[in-house]
4 protein chains.
Amino acid sequence: MSTTTPIPTPSIAPPDILRCASMELVVTDLAASREFYVDILGLVVTEEDENAIYLRAFEEFIHHNLVLRKGPVAAVAAFSYRVRTPEDVDVAEAYYRELGCRVERRSEGFAKGVGDSVRVEDPLGFPYEFFYAVEHVERLAWRYDLYGAGALVRLDHFNQVTPDVPRGRSYLEDLGFRVTEDIQDDQGVTYAAWMRRKSTVHDTALTGGNGPRMHHVAFSTHEKHNIIHICDKLGALRKSDTIERGPGRHGVSNAFYLYLRDPDGHRVEIYTQDYYTGDPDNPVVTWDVHDNQRRDWWGNPVVPSWYTEASFVLDLDGNPQKVVERDDPSEMAVTIGADGFSYTRKGDSDHGFKLGNTL
Amino acid sequence: MSTTTPIPTPSIAPPDILRCASMELVVTDLAASREFYVDILGLVVTEEDENAIYLRAFEEFIHHNLVLRKGPVAAVAAFSYRVRTPEDVDVAEAYYRELGCRVERRSEGFAKGVGDSVRVEDPLGFPYEFFYAVEHVERLAWRYDLYGAGALVRLDHFNQVTPDVPRGRSYLEDLGFRVTEDIQDDQGVTYAAWMRRKSTVHDTALTGGNGPRMHHVAFSTHEKHNIIHICDKLGALRKSDTIERGPGRHGVSNAFYLYLRDPDGHRVEIYTQDYYTGDPDNPVVTWDVHDNQRRDWWGNPVVPSWYTEASFVLDLDGNPQKVVERDDPSEMAVTIGADGFSYTRKGDSDHGFKLGNTL
Amino acid sequence: MSTTTPIPTPSIAPPDILRCASMELVVTDLAASREFYVDILGLVVTEEDENAIYLRAFEEFIHHNLVLRKGPVAAVAAFSYRVRTPEDVDVAEAYYRELGCRVERRSEGFAKGVGDSVRVEDPLGFPYEFFYAVEHVERLAWRYDLYGAGALVRLDHFNQVTPDVPRGRSYLEDLGFRVTEDIQDDQGVTYAAWMRRKSTVHDTALTGGNGPRMHHVAFSTHEKHNIIHICDKLGALRKSDTIERGPGRHGVSNAFYLYLRDPDGHRVEIYTQDYYTGDPDNPVVTWDVHDNQRRDWWGNPVVPSWYTEASFVLDLDGNPQKVVERDDPSEMAVTIGADGFSYTRKGDSDHGFKLGNTL
Amino acid sequence: MSTTTPIPTPSIAPPDILRCASMELVVTDLAASREFYVDILGLVVTEEDENAIYLRAFEEFIHHNLVLRKGPVAAVAAFSYRVRTPEDVDVAEAYYRELGCRVERRSEGFAKGVGDSVRVEDPLGFPYEFFYAVEHVERLAWRYDLYGAGALVRLDHFNQVTPDVPRGRSYLEDLGFRVTEDIQDDQGVTYAAWMRRKSTVHDTALTGGNGPRMHHVAFSTHEKHNIIHICDKLGALRKSDTIERGPGRHGVSNAFYLYLRDPDGHRVEIYTQDYYTGDPDNPVVTWDVHDNQRRDWWGNPVVPSWYTEASFVLDLDGNPQKVVERDDPSEMAVTIGADGFSYTRKGDSDHGFKLGNTL
């Protein structure tokens, strides 16, 4: 399928997606990844063997929220969504077949702990998975004896890089997602969009850029000090260079955030305290791309790597998807450097002393 | 309708309820209530006149979450739910008419800022309201210049006292609610049940007791220190005697809590950090009524007034509903005092030094 | 020495005490105590053998802040203060000899990691120790990889039960302590006094009651959520019955607090955020014993055991000191029950629903 | 006095300094400064008139911690320390007279609320003030009804820019200050030193650079979230460009920090949670200037303005002191850019994606 033609709306209703549920990451050094996700971030090991580790957050009751699978090239093998009923897996299969996508159905699942599933190469080139059947495990919400000071309690969202955000948005709206916030300019360019199924700001977001690539996967903590502890701990371990950006307060989503890079460079966000979005008329917030508080409410600079680097995603054969360049202007180009600009107060031309103004 | 016969399941599907959205409280001294809810708790005034004050939490975008209406007797005039579509108001009307309930429909709404609504005297005797049309107001989520140190960000839930919890639970399940947690004993008595529409532990709960009465209405903060600040502020104002119970950690819901009593004695909970419940197979947690950590995870005592006192609810003429006594054992009786018992560790007969053991 | 005659002021200047530095607790089950202080509270083991465990808080650089020593009877063997110079140990010895106290000097110290020390049976019957020489160990302040969610960072203070508070206060003032806060009534009875050397509210406090006994030893956390985590963890471990009182906000000291009881019943406070008191004219705060916010700013009840129970202290032979009864009225008697009263607002006779009013 | 010759040690003992107590800032727009310090930061106004505003933090009991005085040029008029006794003011006068410094004594004080004081042009060119007599005002520690979400509770420290740090350090050690931490390189250059009288990491620090200038004045909050709220509030007010650096965790001091710039460019730090330093053998921590976690434990970049910009200080006639250039290497030059380097792990040459590596 071309990456620029509009994606048709299937004739059938989409599967009823509950929420983003799990990501499968291919990692090149399983021990190094285990140290990062288990020893440092404190995710809970549900199950592991020599090839894969299945991890979950403290409040989760399904088998896992993250699979680390050993492989030759760091990439993302699946963005996995849970659907409302077993029949929704059938619907998902039919929906993507009608879209002409490559589809693979496995009644025994693609990962331990998960049953009947379908994986697709979606119209944007991402490996999307849909499942209902899943093994229940202990919800450790009350196990404060196991909580570390930076405990991760929920998988919150995915973030995907795609060249044409409106095209992707339209496809995801057909799939039942609703936009909660986006970033635009006054020329009509959309730079990013946040889209939800569960009643938070997003289950996934589309970030404009060369894609398909995975921008980040995000886990929630209860409070802001939990995120600060993760930074403090990384400092104590002399791994502060895994902190890519933050901590800070997002403009978009109003959440408190931190971005880390795992040993393979996969980006992980730690996130807390966005808002309820479950009403159908939930107001959409559109941010001006030149508003310097959109990405960081405090106006702190976004490091260039955050805009440019992302993880490969795999096709159903396990090969990295070809990355297509974005044609629209890049958010980085229009906001920083000689040709871009950002304002703290609309119409104000002050630049100030921040690093972001000097790049 | 009798209060003991089962409530029939209507032939039509129930309205699609989004969430608990607002409560209308009748208060006897509007100025005193304004001081409590606005000056102390910091709820935002959307609109007010000499007879009523419309308040909302910081992250809300609908007109209000609480109406304080001046009246002769402290009571609750409405438990108001938002439904997904305008047509769901029609459905609600038909649904309750089939149940034989008294129903009143007002296309102009019962409260400012709300449009077409239906109010009913529900089978349990509560004044339930359903609406979709509502005036949007500014979501103040980003207005940290207005946040106080104890800012309330969302209406979280209602809590209703009813004599026969299983009867009420069955009715609410028909209405589309799902149980997330409950308290039982090994004799099969249910003491309380938590029921949700949105993806939190509850939109409303049923507490076994003489009813129909309103046990409490709950607002959320972002973090625990916000709740502690409210206590500290009440101390500074020499109003610490409005703190009825807490702060503490609930066993049920795993949330951090505080119970206050407003100038009329209406109970208000401040609440933070329960967990996601949106999956259809979300595990139900059943607590043993004798588990001393069910109501307070730290085993701190529940003050008797919390079990026995609650607010009257009004019928559609504005008269207090007659209160019917509970036949089943009371949770207070079976857990404290000479005839009750509670344990920290099942099978352990230690009593310890806590006040709750001495009552 | 009689327990009622005034304690003379020695002719020589007192030793220059820096701070409360360590307590030596005799415990009857070393493994049970280790579980409590190390596994649950997370104190750091500097050194241990089969008879004793030496523990410190995360920001400490001296060898230990707590010694758990195995013994036949639970008691306190030493309240240990650090002095400014080696010569101050000589001064301390001379000072107490002039007071006629029993004194024991050991150049090799009484505990591992501590050098030249003097222990005394002080005029109030407490085993006070003074030392300067001490082994330095790593200050783990930056070791966030080792911090648990409820990390204890400093030893903050001792609290001693003595029958005659003014008599003890005068003695401690001679010793160089300064009163920061106290509780009195309008009959001139003093119920408690807080006294400091370092610039916090106290290094030790005197609580009126049958004594000499040890009321509690207190450790600090950085923030309030650390204390809440300790409660949550105790709940998860089904040890919530070790929580005796709190968490809450003190009136006196303005600190956030929690009281626990260790396996031998020794009381431990977890404490955070009192204020700077280092100026010589630091204002003394006197609280009315009938002010219901003095002990808990939120007016939550003080459990009777907190008033009545305390640990034995040992003489220099290791035998428990005889406990002398308090002649003055007890704080519990004058504030709760039929013969006592407490107010939220001075002059107000409201009682409210709190448990404390019903005892 | 030359700025390079050693400063002699006076023959008399120095005054007994308790703590940094107040700074007098000259501001060019009193209304703008009031908005910043009162409306935004929430400092408490003790007294004000058309020319000056006297402010204090919530836990303070002396008249003020900050004076904003209207003047033609933004500068610092006084670094004011409180001494232990009235006689220490005499000692301070004699001490500086012996040093050959210009000295001015005013029995009525230089600022409202303060009595007998001496101001000096110290050997480093800074306007130091010493006083004991001061008007007591209400300590608002318990007035949680007045606390905002980002409440400042104490003045914590000053920070001074001076060309020759070892020379300044020696002078301040003579004056009774003790070093707690410093930054050096392996060539023996000292870049900064932290020095204390009260038992915290510092009452003042010396930062190597062109001086005498004032680097910043710091106020404490209770917890980290208070600092985050200040950032969030500045975002809401569209004043995020007043955030110069942070929030972050310092390596030096281990405190959580934020740097703001007031309307005149005076730098203000918000600071919380350093550690107790009151023992005479408190371990000094020396940081390698190339350690990228020394200034920010998370390795986040220090913005160039933070190294280069600072406030003028006034002589006793109210004229700005001449700024002398630093001869030693600058910390900025040796750590960032083509000629400098910083490491996360000693010996590691990785640079990573942080902005600080790209400047």
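Two strands count as paired if DSSP finds at least two bridges between them, and helices (H or I, at least four residues) and strands (E, at least two) are DSSP runs numbered from the N terminus.

**Ground rules.** I am working with a predicted model, where local features need pLDDT of at least 70, side-chain atom pairs count only at pLDDT 80 or more, and totals for chains, interfaces and linings use all residues. Residues are numbered from 1 along each chain as its sequence is written, chains are lettered from A and ligands numbered from 1 in written order, and side-chain values use heavy atoms, with hydrogens and water left out.

**Sheet of chain A.** I looked up strand 1 (residues 17–27) with strand 4 (residues 66–70) and found them parallel, joined by 5 bridges. A:E24 has A:V67 in strand 4 as its bridge partner. Helix 1 (residues 30–40) packs on the sheet and touches strand 1, strand 2, strand 3 (52–56) and strand 4. Its direction makes about 160 degrees with that of strand 4 (axes are lines fitted to C-alpha atoms, for helices over the stretch in contact; angles run from 0 to 180 degrees between N-to-C directions).

Then I traced the whole sheet: 8 strands, open, mixed pairing, order 2-3-4-1-5-8-7-6. Strand 2 (44–48) and strand 6 (103–106) each have a single partner strand, so one side of each has no neighbour in the sheet.

**A:A77.** This residue sits in strand 5 (residues 75–83). Is A:A77 buried or exposed? At 10% relative accessibility, A:A77 counts as buried (under 20% relative accessible area; exposed is over 50%, partly exposed in between; 1.4 Å probe, protein chains only). Beyond residues up to four places away in sequence, A:A77 touches A:E24, A:V26, A:R119, A:P127 and A:L314 (contact means heavy atoms within 4.5 Å).

**Cores.** I listed nonpolar cores, meaning buried Ala, Val, Leu, Ile, Met, Phe, Trp, Tyr and Cys residues joined through side-chain atoms within 4.5 Å. The largest has 180 residues, and B:Y128 and C:Y128 are among those with the most contacts inside it. A second, separate core of 179 residues includes A:L260, D:L25, D:I40 and D:L124.

**Copies.** Chain C superposes on chain B by a rotation of 180 degrees with 0.0 Å of shift along the axis, RMSD 0.0 Å (least squares on C-alpha atoms of residues with pLDDT of at least 70 in both). That is the relation of a two-fold axis. All told, 100% of the interface residues of chain C are also interface residues in chain B, so the copies meet through the same surface.
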